[in-house]
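Look over the sequence and the model below.

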Amino acid sequence: MGCCSGRCTLAFICGMQLITILERQIFDFLGYQWAPILTNFVHIIMVILGLFGTVQFRPRYVTGFAVWLVLWVTWNVFIICFYLEVGDLSKDTDLIMTFNISMHRSWWMENGPGCRVTPVNPPPTWAPEDHRYISISGCLLEYQYVEVAHSSLQIVLALAGFIYACYVVKLISEEEDSFDFIGGFDSYGYQGPQKTSHLQLQPMYMSK
């Protein structure tokens, strides 16, 4: 019962991770955030492998999923630090999120709750010709805090997933050990009953 409960909980967490990361992936695509897009894609693959390992009793898959969650937490902590501009990080840097191939920002920057976008005419002389120059005002929640909320949710789910992944690996290992103890994994071939010495046929001599 404990194994079933742990596996069901981990499967539920994996499902929640898939739903939330697909939602995040959509908005990262809309904002052309290439680094998060690639990382999200790897995370989706690892969550699917973790879900497969949970359902199919594959502890190696679940272990790999747990290791990835550590890296995933690290990435999301970095995202939080990036948008909150911790240390020398700046959320206006193009190199980190878009590999310096575009000037796009988070989709939530212009489409956040309550945001009003106003084109600035004429644009400044330093503005590229193929880009528009806009003014954003009235946002109920700044875009960096929306991104921080997304990463915080991923960290919470990843921590819960890591704990239950370790628990499920432990349960599966214990179940395999107990099955092996009762001879479930014995690889010895079948040997028929051996005749004891007193049952073996002996020659008989008849005296005349």
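**Cysteines and transmembrane spans**

Cys166 is partly exposed, with a relative accessible area of 37%. The model is predicted, so this value is computed from predicted atoms. Cys14 sits at the buried end: its relative accessibility is 0%. Cys115 also counts as buried, because its 16% falls under the 20% cut-off.

How many disulfides does the model hold? The count is one disulfide. A disulfide is a covalent bond between the sulfur atoms of two cysteines. Here the partners are Cys115 and Cys139. Their sulfur atoms are 1.9 Å apart, so the pair meets the limit of within 2.5 Å. The link is right-handed, with 125° about the S-S bond.

Now place that bond along the chain. Cys115 lies in the loop between helix 5 (108–111) and strand 1 (116–119). Cys139 lies in the loop between strand 2 (134–137) and helix 6 (143–181). The two cysteines are 24 residues apart, and the pair links distant parts of the chain.

Turn next to the annotation. The unreviewed UniProt entry places "transmembrane region" at residues 34–53, 65–86 and 151–169. What does the model show over residues 34–53? The chain there is 100% helix and 0% strand. The end C-alpha atoms of this span are 29 Å apart. Residues 65–86 are 86% helix and 0% strand. Their end C-alpha atoms also lie 29 Å apart.

Key. Residues are numbered from 1 along each chain as its sequence is written. This is a predicted model: local features need pLDDT of at least 70, side-chain atom pairs count only at pLDDT 80 or more; totals for chains, interfaces and linings use all residues. Side-chain values use heavy atoms; hydrogens and water are left out. UniProt positions are given in the numbering used here, feature names are shortened, and annotations may be inferred rather than shown by experiment. Helices (H or I, at least four residues) and strands (E, at least two) are DSSP runs, numbered from the N terminus. Buried means under 20% relative accessible area, exposed over 50%, partly exposed in between (1.4 Å probe, protein chains only).
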